Amino acid sequence: MRRRGLLRLIPALLLVALVVWPQAFAPLFAPFAPEGGPVIYTRTSLLSLSLSHLGLVALASLAATLIAVTAAVLVTRPAGAAFRPLSRSVVNIGQTFPPVAVLALAVPVLGFGAGPTLVALFLYGLLPIFENAMTGLSTLPPSVMEAARGIGMTRWRRLWVVELPLALPVILAGVRLSVVIALGTATIGSTVAARTLGEVIIAGLLTNNTAFVLQGGVIVGLFAVLIYDGLTLLERRLSPDRKAG
Amino acid sequence: MIEIDEITKIYQGQRAVDAVSTTIETGTIACIVGTSGSGKTTLLRMINRLVEPTSGEVRLNGEATSAMPPHLLRRRIGYAIQGHGLFPHHTVARNIGAVPRLLGWPKAKIAERVDELLDLFGMEPSQFRARYPAALSGGQQQRVGVARALASRPDLLLMDEPFGALDPIIRARAQEDLRRIQRQLGSTILLVTHDMEEAIRLGDKVCVMDGGKLVQDAAPTRIVADPASRFVAEMVGDAERPLRLLSLIPLSDLLEPGEAPGDPLDEGANLRDALSACLWTGREAVPVSRDGAPVGRVTLEAIRAAALRHGATDDAPVPA
């Protein structure tokens, strides 16, 4: 347990150092920078870029979770079953539509900045959450559902007290997947002037500076790994099977 | 008293339950026995309206169930099912307190009731209250399932193959527990099973179902001694009928003065036990005791005569 804790601590510390004190890594990135060019991205503070990046992802994922889970709840009710194929195809379209195309289409409507990125991340994030929530809500143990009805719980109560808590680990797995995809995808938001860590990567690509690309990439990668890990822990804590001991 | 009046369920033109009527007296156990597809579970589920009857009526202490909102009706009727159906994310205490919580009992009263039931089922409250179902054995899970069904002192307890998932030894103990607790609380129980042995052992009366129809509705002794049809006789098991019958007759019925060698049997034991003891130890009679004091004996001769009495009436052909 202690060793695993240490394994988590190392990337976390590395990430904090990279974001707060990037100069310390200059010697490490120097070989990748062009001759005489800057090694460390200093045009904007990496901390503020990171926060803005995470903020965008959090907002888009939150919205995607709310909409996707609500939709999954509705289509798993007897009255909503007819809408299941329709909502499935809508969500699938959201996933097949490339985020870049969404950005391109959204800019004329929403203008440059965070707006188009939020829309792209939101649409892209719906599918995993919706699919998982639907699976989670429609594969609950039949004897438990039968008992919940049989002892006189109302529909609402069954949903809140039995179905959602039991489906929660599966729903969270979908959220986790969606968040990690969004963390990576958010970088392209910088092409339409959203403030994300993509700015560092794009600056590197434009000036042929591999050091910048690496810097941005490593930070995004570390965020993804740590958040993925954190959500996995949360999932395990909420899983009913864990409560065997 | 529970009155079931001409209740019928039609699924796609098929009569799953066909005009079944019967009555269950307060404080008794009625067992519905049948093969799979006989409609026994559908009948049970129509009583708490998990299945809505096509026609007919069920009355709970004179009140028609169709007049109540289904979820309120179900809170008055305990429901225990095969595979227990406990909420895996709730503790034992929360599972047992589920219906009282729905009924809005105060917290302290719920906690008290939970402990009382755990005690009744021989589970130390301090040890089990906070556990999750996954941390219990199969037998314990089943007991918690029945405790949950009894928690709000329901007017009626419905049990659908409650012991189906248990191994034979645990099942026998669970049946004994149920019988004891039912006597103690005076509960009214309707139990569905495919196991005639279980029905005969537990039921004050046995309802045999076949193809959606109630084919016989009588006390266990009558079902065994005088099956109404070929089907019922098969359910009882032709070869086992004499033994089943003997198992329903207490020793006190054949008690005669006198002495016999060997270990005594308690008066509460049945003729099957006595026959067993005679055969196994080569005795012609067994001594009978009441509270440890000898009160007489039961002879092999008398047991044979008792079996023959019922067997002889059986010469009349069983209606097909």
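Analyst: E116(B) and R113(B) meet through their side chains in a salt bridge, with an N to O distance of 3.0 Å (a side-chain nitrogen of Lys or Arg within 4 Å of a carboxyl oxygen of Asp or Glu). This is a predicted model, in which local features need pLDDT of at least 70 and side-chain atom pairs pLDDT 80 or more, while totals for chains, interfaces and linings use all residues. Residues are numbered from 1 along each chain as written, chains are lettered from A and ligands numbered from 1 in written order, and side-chain values use heavy atoms, without hydrogens or water.

Both partners of this pair belong to helix α5 of chain B, residues 107–120, where E116(B) and R113(B) are three residues apart and therefore separated by about one helical turn (helices are DSSP runs of H or I, at least four residues, and strands runs of E, at least two, numbered from the N terminus). R113(B) is buried, with a relative accessible area of 5%, whereas E116(B) is partly exposed at 39% (buried is under 20%, exposed over 50%, partly exposed in between, with a 1.4 Å probe and protein chains only).

Another pair in chain B is formed by D204(B) and R183(B), whose side chains make a salt bridge at 3.5 Å, N to O. D204(B) is in the loop between α9 and β9 (205–210) of chain B and R183(B) is in helix α8 (residues 168–185) of chain B, so this bridge ties together parts that are 21 residues apart in sequence. D204(B) counts as partly exposed at 29% relative accessibility, and R183(B) also falls in the partly exposed class, at 47%. Salt bridges in chain B also form a network, which links E3(B), D5(B), E57(B) and R59(B).

In chain A, R77(A) bridges to E163(A), and the closest N and O atoms of the two are 2.9 Å apart. R77(A) comes from the loop between α3 (46–75) and α4 (84–96) of chain A, and E163(A) from helix α8 (residues 155–185) of chain A, so this bridge ties together parts 86 residues apart in sequence. Over all chains, the rule gives a count of 27 salt bridges.

Nine residues of domain 1 of chain B and four residues of domain 2 of chain B take part in the contact (heavy atoms within 4.5 Å). Together, domain 1 and domain 2 of chain B bury about 580 Å², 65% of it on carbon and sulfur atoms (the accessible area, 1.4 Å probe, that two parts lose on being put together, summed over both).

Two salt bridges are counted between domain 1 and domain 2 of chain B. R272(B) and E197(B) meet in a salt bridge at 3.9 Å, N to O. On the side of domain 1 of chain B that touches domain 2 of chain B, at least two residues each are supplied by α9 (196–202), α10 (220–225) and α11 (230–236) of chain B. Helix α10(B) gives the most to that side of domain 1 of chain B, with four residues.

The remaining location is the interface of the two chains. Chain A puts 19 residues into the contact and chain B 27 residues. About 1,900 Å² is buried between chain A and chain B, and carbon and sulfur atoms give 64% of this area. Across the interface of chain A and chain B the rule finds one salt bridge. The side chains of R45(B) and E146(A) meet in a salt bridge at 2.3 Å, N to O. On the side of chain A that touches chain B, α7 (142–150) and α8 of chain A are the elements that give two or more residues. Helix α7(A) provides the largest share of that side of chain A, seven residues.
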